[in-house]
Amino acid sequence: MTILADDASRIIVQGITGREAATFTAESLAYGAKIVAGVTPGKGGVSVHGVTVYDTVAAALAKHPANATVISVPAPFLKDAALEAIDSGLRLVVIVTERVPRRDIVEVLEAASQGGCRVVGPNSLGVISPGRTRVGMCGGSAGAVRRAYSPGPVGVMSRSGGMTTEIANLLTRAGLGQSTCVSIGGDPIIGSTFLDLLPLYEADSETGALVLFAEPGTGMEEALATHVAAHGSRLPIVAFVAGRFADRMAGVRFGHAAAIVEGERGSPAAKITALREAGVHVAERLSDIPHLVKEALG
């Protein structure tokens with residue numbers, strides 16, 4: 001059992017004829033992901049790395065039943081692509097596209113909530129269940145994914161796509177495999193926050209601990225801390241909070257669009273305090289994460 005995706009997941013790629021999508025499609029196929037169809041309006045009938053392309057999601061699903069999609073299209077077209085996927089009944093929508101207009105993503109998330117669809121992103125590198133599947137582009141090439149990720153009991157959630165792989169690699173080198181790793185996305189409004197995904201990890205029998213990579217901005221780490229302080233969690237949680245220099249630079253954005261501190265709200269110091277008070281193990285350095293996880297796992 002994993003969360004969100006496993007080796008039975010059947011995936012379509014919207015925007016598959018774009019350079020980025022074509023590249024991650026090839027590497028995902030090489031890793032073993034079941035990408036069954038692609039969608040690019042006006043390109044129906046062509047093939048990308050052996051994957052047939054259709055003009056619409058409905059046409060793709062008529063020939064190739066699927067339950068997940070990766071969307072990699074220009075931001076102005078994201079809303080239409082995502083709504084098409086949701087209306088077609090896909091249960092998992094991973095949005096690679098970044099800097100999506102806020103009104104557009106709000107409409108998408110409202111439609112997803114009505115349709116029982118899970119959205120990951122925007123500005124996500126996707127979901128990976130090591131040794132089983134990849135939905136998106138976490139880790140880069142198939143060879144790099146195999147080196148960095150390994151099956152095991154540690155769940156990983158990260159606001160940074162690149163740091164999802166960095167943390168997985170640290171764990172793998174320490175002999176700690178991962179259950180499911182999720183790049184939740186770096187835009188200001190995203191479909192699945194840390195708190196949204198926590199119950200899925202808690203219900204997963206293969207997950208025995210959880211690692212978070214946090215950043216300045218938004219209140220999602222504080223929301224998780226409030227929940228854990230009030231209700232507890234069966235999972236020991238280890239967190240690393242990046243950007244501590246931002247405590248001296250209020251109002252300055254760095255990295256992701258959502259990584260902006262407004263006064264005390266969203267500051268690394270506030271996040272660290274809230275997490276520690278909730279019983280979360282906060283690493284001082286990235287390199288401390290494997291040791292803290294091993295301690296937490298006993």
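Strand β2 covers residues 34-39 and is mostly hidden: five of its six residues are buried. Everything here describes a predicted model. In this model, β2 pairs with strand β1, residues 10-14. The two run in the parallel sense and share five bridges.

Which residues of β5 are buried? Strand β5 spans residues 68-71. A68 and V70 lie on one side, T69 and I71 on the other, and all are buried. Both faces of β5 are therefore covered, since buried means under 20% relative accessible area.

The next step leads from β5 to strand β6, residues 92-95. These two pair in the parallel sense over four bridges. Here T69 stands opposite V93 in β6.

Follow the chain past β6 to a loop. R99 lies in the loop between β6 and α4, the helix of residues 102-115. R99 has a positive phi of about 55 degrees, although it is not a glycine. Why point this out? Most residues other than glycine have a negative phi, and most peptide bonds are trans. R99 is partly exposed, with a relative accessible area of 48%.

A cis peptide bond joins G121 and P122, with omega at about 10 degrees. N123 is found in the loop between β7 and β8 as well. N123 is not a glycine, yet it has a positive phi of about 60 degrees. Is N123 buried or exposed? N123 has a relative accessible area of 15%, so it is buried.

Seven strands form an open sheet in the order β9-β8-β11-β10-β12-β13-β14. The pairing is mixed. Which strands stand at the edges? They are β9 (133-136) and β14 (281-282). Each has a single partner strand, so one side of each is left without a neighbour in the sheet.

Strand β13, residues 237-241, pairs with β14 in the parallel sense over two bridges. A239 has V282 in β14 as its bridge partner.

T133 has its place in strand β9. At 1% relative accessibility, T133 counts as buried. What is T133 in contact with, leaving aside its neighbours within four places in sequence? The list is A5, D6, I11, Y31, A33, K34, V127 and I128.

At 19% relative accessibility, A274 counts as buried, because the cut-off is under 20%. Leaving aside its neighbours within four places in sequence, A274 is in contact with E222 and A225. L224 is 50 residues from A274 along the chain, but their C-alpha atoms are separated by 9.1 Å.

Finally, step back to the whole protein. There are ten helices and 14 strands. Along its principal axes, the C-alpha trace spans about 55 × 40 × 30 Å. A compact globule of 298 residues would have a radius of gyration near 19 Å; the protein has 19 Å, which agrees. Buried residues make up 54% of the 298 residues. Among contacts between residues at least 6 apart in sequence, 73% join residues at least 24 apart.

The surface and the charges complete the tour. The protein exposes about 11800 Å², and carbon and sulfur atoms supply 53% of this area. There are 26 positive and 28 negative side chains. The centres of the two sets lie 5 Å apart.

Note on methods:
Residues numbered from 1 in each chain as written. Predicted model: local features only at pLDDT ≥ 70, side-chain atom pairs only at ≥ 80, totals over all residues. Heavy atoms only, no water. Rg over C-alpha atoms; globule rule 2.2 N^0.38 Å. Buried < 20%, exposed > 50% of the residue type's maximum accessible area, 1.4 Å probe, protein only. Contact = heavy atoms within 4.5 Å. Areas by Shrake-Rupley, 256 points an atom, 1.4 Å probe, with all protein chains shown as cover. Lys, Arg positive; Asp, Glu negative; His and termini not counted. Charge placed at Lys NZ, Arg CZ, Asp CG, Glu CD. Pairing = 2+ DSSP bridges.
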